[in-house]
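The following exercises concern a predicted model. Each task is followed by a worked solution.

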Amino acid sequence: MKKIIIYTILALSVSACGRFGNEDKKKDHEERIVVISKQYNEIIYALGAEENVVAVDVSSTYPPEIKELPTVGYHRALSTEAILSMKPTLILEDDNIGPEHVITQLKKLKIPMKQFGKYENTIAGTDSLMREMGRYFNKEATAEELCKKLDSDMKKALANTDSYKEKPKVLVIHFGRASNIYLVMTKNSTAGKLIEWAGGEMAVQGDRGMKQFSPEVVAKSDPDVVLLTDYGYDKLGSMDGIADLPGVSTTRAFKNEKIYRVEEHDMVYLGPRTGENVLKLQELIHQDEKNQ
Amino acid sequence: MKKTSSRYIGVFPLLSIVLLIIVLFSIRYGAVSITLDDMFSAIQKMTSGEEGLNLTERIFMEIRLPRAILCVFVGASLAVGGALLQALFRNPIVEPGLVGTSCGAAFGAALYFALGATFDFNVGEYTLPLAACLGAICSTALVFFLSQSKQTGKSSVVTLLLVGIAINALFLSGVGFLSYIARDPQARSIIFWNLGTLSGANWPSVIIVGTSTIICLLFSLRYAKHLNALMIGEEEAQFIGVNLKSLKWKTLLINVVMVAVATAFVGVISFVGLIVPHLLRILKGSDNRFLILNSAVLGGVLLCLADLLSRMLLRPAELPIGIVTSVVGVPIFIILLQKKNYFF
């Protein structure tokens with residue numbers, strides 16, 4: 001019985017992803033690029049180089065207009081035929097795709113695949129990636145602008161951070177869609193970096209990027225602010241729903257009603273809007289200091 | 001006796017024709033459409049040793065064709081495994097994974113996904129099937145070992161069944177634990193593997209699974225008559241000269257090899273092994289000689305059909321085949337159960 005329920009939920013959740021049904025509106029394009037990376041996709045759109053992108057992975061959700069493109073599925077559960085049906089002349093991927101046999105099949109069929117350089121997960125690294133992609137798509141000038149904007153946003157954000165007296169403890173909760181469970185992001189994740197830049201402190205340590213959500217973890221960390229990613233926040237629906245997450249209702253954050261919704265695609269990778277996102281985070285987590 | 005054999009005669013050719021048609025459909029349709037012309041020209045080019053297949057022809061030769069054939073072999077393996085075990089245990093709810101095989105395989109695979117990177121053990125694309133196969137062998141061996149009675153040194157069929165259920169639960173909780181500690185993408189891989197997928201099919205896997213299926217099927221047919229005797233009762237079977245102990249071990253061994261090899265390459269596919277033999281029993285009768293041979297064909301038909309649907313329903317995305325086998329199989333099964341007065 002349990003199995004049948006799981007199957008039904010899985011089937012429904014897959015069919016709920018209406019983006020599989022998106023029509024291919026770029027049929028006449030000679031160059032056809034399938035991009036399987038959230039970070040690459042955001043940069044490509046920021047560069048204005050999306051002309052020949054014909055399909056993306058289902059987790060690429062920024063910018064909003066990307067949702068008009070057909071998708072080839074979840075980046076760790078790709079299907080060879082789904083990709084081939086887009087007639088790609090190039091696949092861009094960031095070395096985080098699977099399953100293994102799909103990559104083998106694509107290589108065997110000699111579909112060109114490309115990764116850009118691997119840079120550090122820092123602002124400087126993001127600048128280098130944007131410059132490389134700018135060169136690749138002949139958009140060097142735009143890339144330079146993006147880097148400039150990112151650097152200046154970050155400068156502004158870090159200056160703000162220096163002026164803050166408080167360092168609120170922030171708990172970031174992410175809804176893991178693989179097994180429908182809540183996860184907490186640790187200091188070692190990209191979200192951890194963003195919070196640190198925004199002048200906060202991650203409530204949870206840990207050598208991996210994410211940890212299983214448990215009442216003890218939450219209670220022990222006693223955060224001043226709780227951030228929930230969009231999907232999880234919307235699923236719980238309201239503060240009452242969030243209070244039902246074990247451990248949350250006893251935290252300072254809940255008592256002071258400092259529980260906010262953040263976009264998942266703002267928190268899990270660095271990109272041209274990272275500076276902006278840090279500024280947005282500062283507004284959320286340092287509200288008290290602003291009002292004083 | 002003559003009368004009973006004649007009622008079975010038409011079934012095999014009929015099922016074989018259905019199988020052929022389904023396989024053709026399965027090759028023809030998918031996210032990428034392949035016409036009969038593409039198929040012919042690809043085969044022509046391959047046989048004449050000509051180079052330069054175009055993309056559609058390569059998809060046909062390297063993805064679609066091996067996938068369809070693998071489907072047939074895996075379906076056959078699971079269904080024959082089910083028929084054998086149902087006969088051996090004289091119990092209708094038995095499926096081929098019952099003696100621990102598929103849960104062990106799932107555990108081996110989960111171990112590979114969750115911790116594979118930390119072990120210095122890698123044989124390329126065969127690492128996963130090997131891990132799953134080793135898991136299957138370990139769990140099945142454990143079931144056999146634990147079901148031996150300490151006093152008599154013998155194992156009764158009932159003990160085997162119960163120990164199998166217990167060990168299955170144990171290994172499943174192992175899978176649960178591993179997906180609990182795994183990172184998000186790894187947990188995702190474990191879930192998908194446990195729902196089965198044929199998208200990894202290639203010629204080496206077809207050859208390996210095909211060899212095991214054909215050899216095991218031939219052996220199964222040899223023991224079908226003895227299994228028929230066993231259906232009447234253990235004592236009756238011994239009375240007409242069946243060596244019960246050897247029959248039991250041989251049947252179990254055949255089942256384990258077939259199911260372990262098939263599961264290792266495609267993941268856990270439930271339900272096929274359970275319903276195919278029942279469908280045949282409902283439609284015709286329960287002579288094991290008839291059941292085993294036709295289970296092989298009908299298993300292939302059912303799995304091929306499920307695979308076709310799994311590729312077509314959400315085109316271009318693919319549904320895990322485990323979902324489809326249940327969704328397609330359950331209604332047919334229930335309707336037939338209600339229509340006929342069915343005795344096992």
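**Exercise 1.** How many residues of chain B are in contact with residues of chain A? Determine also which helices of chain B supply the contact side.

*Solution.* Step 1: the contact involves 29 residues of chain B and 32 residues of chain A. Step 2: on the side of chain B that touches chain A, at least two residues each come from helix 4 (55–89), helix 7 (157–181), helix 8 (184–195) and helix 14 (321–339) of chain B. Step 3: helix 8 of chain B gives the largest share, seven residues. Step 4: by class, this side of chain B comprises 15 nonpolar, six polar and eight charged residues.

**Exercise 2.** Describe how helix 5 of chain B packs against helix 8 of chain B.

*Solution.* Step 1: helix 5 (residues 101–115) of chain B packs on helix 8 of chain B at about 160°, and the axes are 9 Å apart. Step 2: angles over 145 degrees count as roughly antiparallel, so helix 5 of chain B is roughly antiparallel to helix 8 of chain B. Step 3: the crossing is right-handed. Step 4: residues in this contact include Ala106(B) and Phe113(B) of helix 5 of chain B, and Ile190(B) and Trp193(B) of helix 8 of chain B. Step 5: the contact has seven nonpolar, three polar and no charged residues.

**Exercise 3.** In what order do the four strands of the open sheet in chain A lie?

*Solution.* Step 1: the order is 2-1-3-4, with parallel pairing. Step 2: strand 2 (53–56) and strand 4 (113–114) of chain A are at the edges; each has a single partner strand, so one side of each lacks a neighbour in the sheet. Step 3: four bridges join strand 1 (residues 33–36) and strand 3 (residues 90–93) of chain A, and Val34(A) has Ile91(A) as its bridge partner in strand 3 of chain A.

Notes:
Residues are numbered from 1 along each chain as its sequence is written. Chains are lettered from A and ligands numbered from 1 in the order in which they are written. This is a predicted model: local features need pLDDT of at least 70, side-chain atom pairs count only at pLDDT 80 or more; totals for chains, interfaces and linings use all residues. Two residues are in contact if their C-beta atoms, placed from the backbone, lie within 7 Å. Ala, Val, Leu, Ile, Met, Phe, Trp, Tyr, Cys and Pro count as nonpolar, Asp, Glu, Lys and Arg as charged, and the others, Gly among them, as polar. Two strands pair if DSSP finds at least two bridges between them. Axes are lines fitted to C-alpha atoms, for helices over the stretch in contact, and angles run from 0 to 180 degrees between N-to-C directions. Angles under 35 degrees count as roughly parallel, over 145 as roughly antiparallel, 65 to 115 as roughly perpendicular and the rest as oblique. A crossing is left-handed if the near helix is turned anticlockwise from the far one by less than a right angle, and right-handed if clockwise.
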